[in-house]
Amino acid sequence: MKIINDAALDKFRGPGRCEFCRFHFSSRDPHHVESKGIGGGKHLDIASNLVSLCRTCHSTKADTPEGKDRCIAIIANREKGSPSDIERVHRFILGLDKHASVDRIEEGLMGLPGPAQRIARRELREAGIHG
């Protein structure tokens, strides 16, 4: 399932601290941990898939294997979960069919462990997909 949400992206832009190098910048880029992929098939504009990075960190560090692990750790800390919780949320939401019923979504959510379930519920609610 794709989630395209400009409001979510806006929260990760503008002035503030780069979540990677921790320096303050007048503008930052939202970085997708799970990249959009060719054709945008994995487009997830949700807080648990985004970090705010300065241009330098975004272009040189974030897409390395170590950079991805560090971004997931940053998100896990911010979301009060573990890196595996964040990865479960990504797999769950990306695996949802865009025509999934409320019952199907709820069944899938119930299969997630506590923190991952809490994060996924919030992400789906903020995206207007599941109340």
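Modeller: Leu-9 is found in helix 1 (residues 6–10); helices (H or I, at least four residues) and strands (E, at least two) are DSSP runs, numbered from the N terminus. This is a predicted model, in which local features need pLDDT of at least 70 and side-chain atom pairs count only at pLDDT 80 or more, while totals for chains, interfaces and linings use all residues. Residues are numbered from 1 along each chain as its sequence is written, and side-chain values use heavy atoms, with hydrogens and water left out.

Colleague: Is Leu-9 buried or exposed?

Modeller: Buried means under 20% relative accessible area, exposed means over 50%, and partly exposed is in between (1.4 Å probe, protein chains only). Leu-9 has a relative accessible area of 8%. Leu-9 is therefore buried.

Colleague: Which residues does Leu-9 touch, not counting residues up to four places away in sequence?

Modeller: Contact means heavy atoms within 4.5 Å. With the sequence neighbours up to four places away left out, Leu-9 touches Pro-30, His-32, Asp-45 and Leu-50.

Colleague: Is Arg-22 buried, partly exposed or exposed?

Modeller: Arg-22 lies in the loop between strand 1 (16–17) and strand 2 (24–25). Its phi is near 75°, a positive value in a residue other than glycine. Most residues other than glycine have a negative phi. At 47% relative accessibility, Arg-22 counts as partly exposed.

Colleague: What is the phi of Lys-80 near?

Modeller: Lys-80 is in the loop between helix 3 and helix 4. At 67% relative accessibility, Lys-80 counts as exposed. Lys-80 is a residue other than glycine with a positive phi, near 60°.

Colleague: How are helix 3 and helix 4 placed, roughly parallel or roughly perpendicular to each other?

Modeller: Axes are lines fitted to C-alpha atoms, for helices over the stretch in contact, and angles run from 0 to 180 degrees between N-to-C directions. Angles under 35 degrees count as roughly parallel, over 145 as roughly antiparallel, 65 to 115 as roughly perpendicular and the rest as oblique. Helix 3 (residues 65–79) and helix 4 (residues 83–95) have axes 8 Å apart and pack at about 95°. Helix 3 and helix 4 are therefore roughly perpendicular.

Colleague: Which residues of helix 4 make the contact with helix 3?

Modeller: From helix 3, the contact has Ile-72, Ala-73, Ile-75, Ala-76 and Glu-79. From helix 4, the residues are Pro-83, Ile-86 and Glu-87.

Colleague: Where do the buried residues of helix 5 lie?

Modeller: In helix 5, Ile-105, Gly-108 and Leu-109 are buried. Seen down the axis, these buried residues fall within an arc of 100°, the arc being that of the directions from the helix axis to the C-beta atoms. On the other side of helix 5, Asp-103, Glu-107 and Met-110 are exposed. The buried residues therefore line one face of the helix.

Colleague: Are helix 5 and helix 6 roughly parallel or roughly antiparallel to each other?

Modeller: Ile-105, Glu-106, Leu-109 and Met-110 in helix 5 meet Gln-117, Ala-120, Arg-121 and Leu-124 in helix 6. The axes of helix 5 and helix 6 are 9 Å apart, and the two pack at about 150°. Helix 5 and helix 6 are therefore roughly antiparallel.
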